[in-house]
4 protein chains.
Amino acid sequence: MGSIRLGKRTENRYPKVKDFVPLAKLDDIVFGGWDVYSDNVFEAATKAKVLEAELLNAVKAELEVVVPMKAAFDKNYAKNLIGTHVKTGTRYEMAQEVMNDITTFKEKNGCDRIVLIWCGSTEIYYEATEIHQTLAKFEQALLDDDKRISPSMIYAYAALKMGIPFANGAPNLTVDIPAMIELAKLTETPIAGKDFKTGQTLMKTILAPGLAARSLGVRGWFSTNILGNRDGLVLDDPDNFKTKEVSKLGVLEDILRPEDNPELYGDLYHKIRIDYYPPHGDNKESWDNIDIFGWLGYKMQIKINFLCRDSILAAPIALDLALFSDLAKRSGMSGIQEWLSFYLKSPQTAEGLPPENDIFKQLIKLQNTLRHLMGEDLITHLGLDYYQELVDVL
Amino acid sequence: MGSIRLGKRTENRYPKVKDFVPLAKLDDIVFGGWDVYSDNVFEAATKAKVLEAELLNAVKAELEVVVPMKAAFDKNYAKNLIGTHVKTGTRYEMAQEVMNDITTFKEKNGCDRIVLIWCGSTEIYYEATEIHQTLAKFEQALLDDDKRISPSMIYAYAALKMGIPFANGAPNLTVDIPAMIELAKLTETPIAGKDFKTGQTLMKTILAPGLAARSLGVRGWFSTNILGNRDGLVLDDPDNFKTKEVSKLGVLEDILRPEDNPELYGDLYHKIRIDYYPPHGDNKESWDNIDIFGWLGYKMQIKINFLCRDSILAAPIALDLALFSDLAKRSGMSGIQEWLSFYLKSPQTAEGLPPENDIFKQLIKLQNTLRHLMGEDLITHLGLDYYQELVDVL
Amino acid sequence: MGSIRLGKRTENRYPKVKDFVPLAKLDDIVFGGWDVYSDNVFEAATKAKVLEAELLNAVKAELEVVVPMKAAFDKNYAKNLIGTHVKTGTRYEMAQEVMNDITTFKEKNGCDRIVLIWCGSTEIYYEATEIHQTLAKFEQALLDDDKRISPSMIYAYAALKMGIPFANGAPNLTVDIPAMIELAKLTETPIAGKDFKTGQTLMKTILAPGLAARSLGVRGWFSTNILGNRDGLVLDDPDNFKTKEVSKLGVLEDILRPEDNPELYGDLYHKIRIDYYPPHGDNKESWDNIDIFGWLGYKMQIKINFLCRDSILAAPIALDLALFSDLAKRSGMSGIQEWLSFYLKSPQTAEGLPPENDIFKQLIKLQNTLRHLMGEDLITHLGLDYYQELVDVL
Amino acid sequence: MGSIRLGKRTENRYPKVKDFVPLAKLDDIVFGGWDVYSDNVFEAATKAKVLEAELLNAVKAELEVVVPMKAAFDKNYAKNLIGTHVKTGTRYEMAQEVMNDITTFKEKNGCDRIVLIWCGSTEIYYEATEIHQTLAKFEQALLDDDKRISPSMIYAYAALKMGIPFANGAPNLTVDIPAMIELAKLTETPIAGKDFKTGQTLMKTILAPGLAARSLGVRGWFSTNILGNRDGLVLDDPDNFKTKEVSKLGVLEDILRPEDNPELYGDLYHKIRIDYYPPHGDNKESWDNIDIFGWLGYKMQIKINFLCRDSILAAPIALDLALFSDLAKRSGMSGIQEWLSFYLKSPQTAEGLPPENDIFKQLIKLQNTLRHLMGEDLITHLGLDYYQELVDVL
């Protein structure tokens, strides 16, 4: 639904993005996927209680035919999930099966192109090891059924091997390791990660740039979340929570840059909690207390209470990432797609390049990339030419 | 305290703004002003209870010598104020006196340059009439002591006549009329208006662009404010509140652009309240309820409670506007300074040009103007060149 | 659904109230009423959007047969309502018609007894005049079609004249005038008023006794409400709002008793706002900021955000008042029923007797009245007898 | 500062409690205590930053002379505390030393009577074992230096042995074990426990009775707390947090009685979090989200944000408990003082007697106990006699 400004403010050109760049048509998309449960999409959606029964019933037939394929799963990576619809075999065999699944799906549905988006749960916390450093080592580890390869990596590997764009909606590393970057370059495939930016972190990367813009100091930021869906259940395990915590904690540092603004942000205490709270179901709620200070160090506080809906905010992100990843592939853009960081809590960037978490800079990056792709002028918001008298002088 | 990025992200150049552009030094500034009360600044600040007695006492001597000049005042423009330290005479005479005041102040303090910032209370609501359309008519009206000339216009006229930059921190029109723009051009003087963007509207212009960025619909936005300082007392009069209300209401339309996004913002109900609440004094507090909706129209809510301090947020804005207005004057920039809209609730723009209320675009405009002035590259956040493989392709 | 403790804590006797006192059975109740619109109850409820369509459809047949009788109405008492289904004629004639309506309804439905509850909108603010002082003067004023008789008084008069209990759910005076009290005594009829205690005031009369219990000082209490139902529309008129404001403002004084606790409550600033906000419909929302102080005058704050549903909270109150008013009538209790003040924002009391707004004292009053009616011991919560060693000593 | 109503409402008798019952005079009280740090009270209070320096300096001399005695301490009971001013020796020896400390203090200050209030940190979670069941076993365990005797029990034992009243402001068992109750009876000494009811739980026991009074269902109650004082530091250890959690979790069950109201409270999910958050210091802040439901199961929410000050709320409780415990002793009341449960999160009661957590019933219990002690009528809030017509009938 988004639109994009083209040209000068006075031209009043604001086409919809979908009319500006050649995205795939929604009617041409076929959805499919893997799940650790065998419920078809109608059954799964009914249990999830995100959408009203009335809405689901209206498309029951369309949803029932979407039956998940067996998941590549390892219970050690999500202890609170009891997967019953899972592949057996080694990691290497599972990767082969995923590739077969994709080929079969593509043929059966007559698809021209495929995109993979990881919408699965957060995996437990892990860091990159030697087997994640090169493609060769990674492929050997696959053959060795090395437990350090997480399930999400099996999917990512399968996709990239086939030249299929892959975006990661969860905070686990997955494509954020050298081996995957190497593979993406090799097969000229776009990748993007990681962690859909939906509720509280969305708000945080909206608000923090605003505080920084005004040089308001931040002494503390306490963020608590309550949610009662399956995502909340998985995050109730401390190992899984840690992965999410690391992803969420990082955003403030980049935006506020405490090392360069020690008087304002050097002493910032940032704490994040997530609690499983069944009464809320998918209606995730966050409460933030932000301790700021202004001129002469005088203290002020901001409290934000966001009564959001986890899946309602996430679904359009998954779709946008699919459409833009596909566009990137067709446009010959491969490897890390930093311009998609607008959608992500913990953006993947070129090695050594600090990520950009400020959502407004991310948006400009996204929009200017689209303008650049389509040969339109980039927008700098300078705008001095609206004031002829200034232009004459300068 | 603000810094500005120069060059590419990898260059890591983030000088303080004050080290980047040739601003006046704080030690070189002398403060003076007019007030409807005769209290010196120490007395006034003590009564205002914004700063702790301890802090004020530490600079008592410096503050006591700042004694206000008699104000150009008309009680009809602020019924809840009982001014006791005011000029008599016609509007024309008052304008002459203000100019004399300035000349005297400048000589007495050995100042090279002067800047005027309107920090007075909000005047009652009025619209531009025929006498505000041209400089000639305005000057005739001055001679006629026409009551349609508000007190703030007397100061603005005096400043611009002398080539002194003028910025308006309140929501009354003041310099936002054709006669003043004409005079500013004539004397090559920068002007900027209007209404310091401090608490709730600051938050609104931070948050609304974030919602728009994600195409989240907005069905309602209810904003209430409580404050107990003299500003609150003045706004307790419905005529004065209306001026403030108009200034505050406008910001959402420009950012959300309902005419182009009717499904998302066409039905937005925006309501603003300000209540005088003595227990809070200067500690202005706002509470916002925002009714948003996402995918499939599902409803969500955001509540923001901002426990702020009115004057603490406003003081640095007044200072920045003074420093930048002075810079503009020295740089040969005259007339409307839209690049200063970053600080203002209701930015003045060239005729026919819609204002930009998105604080992040305002910031880019401000920063790119400074980069432009100093001959640095403008920043577009495209950043494709960090990814060599992309650059090769495109 | 409420239960009541009987006897000592160790007896563990907690019957439901409905099993303890002889209330009318829900199945025996027939509902009817008057409305200024001709919609039947199904149509009205569908438009009100309080209940889901699914629920309403399940009882569509039962609701459709409830067709309102024409209302006794005077537009001057609710300017924002455009009544189209109203009685004509003088006030005296309208009163006669209301009595005829009741008689017809009673016969048609085979009812043994009738109770009237005023669930109409808030009338504009008015105070008692001479015509409200005695029954004789009131009846003369009826004959004179005196405009100082409000529509709600016409209903109250009709009910009391027929010996039918009347409870007033709105903040207008109605039965809270000497003439009605005189009539109620004459016909031995219970009356109760006024103003259903639902959302914010409910919370206030819960919280304020808690603060008073701990001798926490209160310096300010700011209450704002937003709602978008027809009640909100009526209250958008300042004259109607004033009636509601007076009713809501009174509760704190009685609970906190500033005259006896001047150091704690003598300087309390209490402000109430109600704003019409269509996006919320019947989902009334309140936000309260309470400025308290504790030991040594140190300041603290409480913020309460209540996302409530106006009608969902009001409906059971209307039902309870009907059931208990009927019980009172059968028990020979007539005149002012102060024990029902538990349900009311602005309780009617005997002349000269200060009202009791503390909801917990109101509850004890209600429960001890029921215990008294049924011959059970009153409960004092002394409980020393649980500790034999104490009893021996004292 | 509290007052108490005596007699009928119309008598208007509301004396201060201190004028009604013979409490010790504030001027006659001498304060002393033990601490694990050697700072005198002026130093400790300065570090705590609860009170402004200005206030402390005004009574510097009085505070400096209050030097703590060495604490009976065992680091295993509070791992985050590094005690440097502690007694050595066995538990038996420490108990003897505490008794000597008291005797010395009493003589030195010429005190007639002594009261002990435990204001120390929360100890780690433990339950009563066999050594806590009888006085004989407990005294043997003291001699055996049994680690299951917590430090707070050493103080309690010393106090009760000397006939000195003891009240427990922390959630650890301490006097809430059979051995202590036995000792209290033996020496005819009042005891009261446990856990000062200050911030969030205070609000909870104010609000929950209000919801129960109206038969509003409660589906979930999420409570989070942030605080940055030493109490917060101690509770950052999960073992200590558990003690506090158990104390805080219990209050809802007694008030809502889910076993008797399963439709309303049978499915209640109650979750409590406490997070150490240094930016707030002693300014403890709580945020509660309460999911309630009304008629037909319709959902509503209440959010409470309490910006409180931990010590400011706790100090008067400690003082009241001291005054009333002393009164109890003089009045011949010994053993468990349930009438003081008004001040406590987890009230100690006679064996088998469910505690009363409803703060309003606690207040009535407290006030009726005082009335009973002084020979005044108990108050039942029946009040039918104000309405003569009712009295005649009934």
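A: **A boundary inside chain A**

In chain A, 22 residues of domain 1 are in contact with 26 residues of domain 2. Contact means heavy atoms within 4.5 Å. This is a predicted model, in which local features need pLDDT of at least 70, side-chain atom pairs count only at pLDDT 80 or more, and totals for chains, interfaces and linings use all residues. Residues are numbered from 1 along each chain as its sequence is written, chains are lettered from A and ligands numbered from 1 in the order in which they are written, and side-chain values use heavy atoms, with hydrogens and water left out.

Where are the two domains? Domain 1 of chain A is made of 9-36 + 71-196 + 312-374, and domain 2 is 199-307. These bounds come from an automatic or database domain assignment. The C-alpha centres of the two domains lie 26 Å apart.

Now the area. The size of an interface is often given as the accessible area lost when the parts come together. Buried area is the accessible area (1.4 Å probe) that two parts lose on being put together, summed over both. Between domain 1 and domain 2 of chain A, about 2,000 Å² is buried, and carbon and sulfur atoms give 59% of it. On the domain 1 side, Asn80(A), Tyr125(A) and Lys345(A) lose the most area to domain 2, together 30% of what that side buries.

Lys79(A) and Asp239(A) form a salt bridge, and their closest N and O atoms are 3.1 Å apart. The side of domain 1 that touches domain 2 divides into 10 nonpolar, 6 polar and 6 charged residues. Here Ala, Val, Leu, Ile, Met, Phe, Trp, Tyr, Cys and Pro count as nonpolar, Asp, Glu, Lys and Arg as charged, and the others, Gly among them, as polar.

**Out to chain B**

Chain A also touches chain B. That contact takes 88 residues from chain A and 89 residues from chain B. The two chains bury about 7,600 Å² between them, 66% of it on carbon and sulfur atoms. The salt bridge count here is 0. Polar contact links 16 residue pairs across this interface, both residues at pLDDT 80 or more. On the chain B side, α14(B) gives the most, with 10 residues. That side divides into 50 nonpolar, 21 polar and 18 charged residues.

Strands take part too. Helices (H or I, at least four residues) and strands (E, at least two) are DSSP runs, numbered from the N terminus. Two strands pair if DSSP finds at least two bridges between them. Strand β9 (residues 299-307) of chain A runs antiparallel to β9(B), and 7 bridges join them. Among the partners, Leu307(A) is bridged to Gln301(B).

Key. Salt bridge = Lys/Arg side-chain N within 4 Å of Asp/Glu carboxyl O. Polar contact = N/O pair within 3.5 Å; in protein donor to acceptor, adjacent residues only side chain to side chain.
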